[in-house]
Amino acid sequence: MDEALLRSLTPSVIGVLVRRGADFAAAEDAVQDALVEAVRVWPADPPRDAKGWLVTAAWRKFLDATRSDTARRRREDLVDEEPAPGPAPGVDDTLQLYFLCSHPSLTASSAVALTLRAVGGLTTRQIARAYLVPEATMAQRISRAKRTVSGVRFDRPGDVATVLRVLYLVFNEGYSGDIDLAAEAIRLTRRLSASIDHPEVAGLLALMLLHHARRSARTTPDGSLVPLAEQDRGRWDTTMIAEGVVILQTALSRDRLGEFQAQAAIAALHADAPTAEETDWVQIVEWYDELALLTDSPVVRLNRAVAVGQADGPRAGLAALAALDDSLPRHTAVAAYLHERDGDLPTAARLYAEAARKAPNLAERDHLTRQAARLNADRRGPAR
Amino acid sequence: MAKYLLLKHYRGAPAAVNDVPMDQWTPEEISAHIQYMRDFAERLEKTGEYVDGQALAPEGSWVRYDGEGRPPVTDGPFAETKDLIAGWMVIDVDSHERAVELAGELSAAPGAGGEPIHEWLEVRPFLTAAPSTTDECHP
């Protein structure tokens, strides 16, 4: 039983049902039922046309469910009279599903859950485990999300930016257990990119690939963070980097810059440097300037201050930092780093410790605590 | 999507506004209080925001290592200063604002006289396991 094949077919089968007039929630339920049947039947009797089989089975499930619902008898008559068309070209349907699953009426967590379920074909249990919540909670989250979008019309494209934001949320969630959400996000973005010609979709795909290529070098086996400058570049996935760079260059050549392309450009400059010292920080600062124009995000300006510190020296970085609100997440960590490079070790040690207390995750907190401890140990002199 | 721990304290938190010990309530008031908490948890399960929750016994022990070959020391000279946790609930919500909103609702559980207790709840964010992959440029 090819689970990957089943998962990849799920969205287009849902799309066909919805296009034939099924309500989204009912279509999704019917396709889940059909998948269960496929798992039961296929090992002994594999179909020649997997998608055609699923469409037929799901449509039958949908009709059964509709028939058993007396309140919907009128609609049943309508759909029953309609001749079932053959499988529609799947590409467009899948695209509509991306838009529907990240509809603006959904909260971020609902959109993520619905996308993983309907577009990604993951089971509720898999999604629940990836997000470390009970299966019952995730089931409710998904069914609420389905109810929220059940009245939404399925006939025009939505906002690509919303879809990209949802996919990026999935990517940034990382991974836990048997589902690797970063890989899943890349898979979904790859398929979105195959069905829509949009430079920012390509930009996001390039960004994900360029980040993902460095994943194995980013942490030690025990989970400690390894800063970019100290990563073993031999462990970066050069094939993935090359693919990301090509996708990015094609997107950039169309001259419709967006924030994901700009972020990917920065990631590409990091990936391109044979050593940390050879990083082209001047060009990175220029990309951060572009990015600041596109997003006006304080996080971008904070990252820019780091880049300025590398390009023009720590004093310049501290000056850039001084212009920003010091309540920004990671502001203190950046200040600590720039003070250390400027030679003010007592201030750096104090700020690292403060930044560790404010860190949003365990790996970062431990990393910052170690930085503070390292400077404090140096100042106390050789170990006793 | 961030997880928060809502902590109920027996001691260590400021006194509730409606601060009458539970054994002074009427049985109906106690039932109403417990029902409120159950309804709250059930509602959060339906919104897809519930993770877990448990009540804890008021009596716990402090334990520490006491040297090679010796049994651990229990309790200690700080019986009066220790904080006691009455129970906890873990929620998974879209924002810190939502966590605060829910803690506020939980704090409105009815107490003596059927009035809200207005007890203080501690809201603590979980540290996430993995750093966001986009932040690695930072030192």
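A salt bridge here is a side-chain nitrogen of Lys or Arg within 4 Å of a carboxyl oxygen of Asp or Glu. By that rule, the count between chain A and chain B is one. This is a predicted model, where local features need pLDDT of at least 70 and side-chain atom pairs count only at pLDDT 80 or more, while totals for chains, interfaces and linings use all residues. Residues are numbered from 1 along each chain as its sequence is written, chains are lettered from A and ligands numbered from 1 in the order in which they are written, and side-chain values use heavy atoms, with hydrogens and water left out.

**Where A meets B**

- Chain A puts 40 residues into the contact and chain B puts in 25, with contact meaning heavy atoms within 4.5 Å.
- About 2,900 Å² is buried between chain A and chain B, and carbon and sulfur atoms give 57% of that; buried area is the accessible area (1.4 Å probe) that two parts lose on being put together, summed over both.
- The salt bridge pairs the side chains of Arg141(A) and Asp92(B), at 3.0 Å from N to O.
- There are also six residue pairs in polar contact between chain A and chain B, both residues being at pLDDT 80 or more. A polar contact is a pair of N or O atoms within 3.5 Å; within protein, one must be able to donate a hydrogen and the other to accept it, and residues adjacent in sequence count only if both atoms are side-chain atoms.
- On the chain A side, the helices that each supply at least two residues are H6 (108-119), H8 (135-149), H9 (160-172), H16 (298-312), H18 (331-341) and H20 (362-380). Helices (H or I, at least four residues) and strands (E, at least two) are DSSP runs, numbered from the N terminus.
- Sorted by class, that side of chain A has 22 nonpolar, 11 polar and seven charged residues. Ala, Val, Leu, Ile, Met, Phe, Trp, Tyr, Cys and Pro count as nonpolar, Asp, Glu, Lys and Arg as charged, and the others, Gly among them, as polar.

**A closer look at Thr137(A)**

- Thr137(A) sits in helix H8 of chain A.
- Thr137(A) is buried, at 1% relative accessible area; buried means under 20%, exposed over 50%, and partly exposed in between (1.4 Å probe, protein chains only).
- Setting aside neighbours within four places in sequence, Thr137(A) is in contact with Glu45(B), Gly48(B), Glu49(B) and Tyr50(B).

**Chain B itself**

- Chain B has two helices and six strands, running β-α-β-β-β-β-α-β from the N terminus.
- Of its 139 residues, 35% count as buried.
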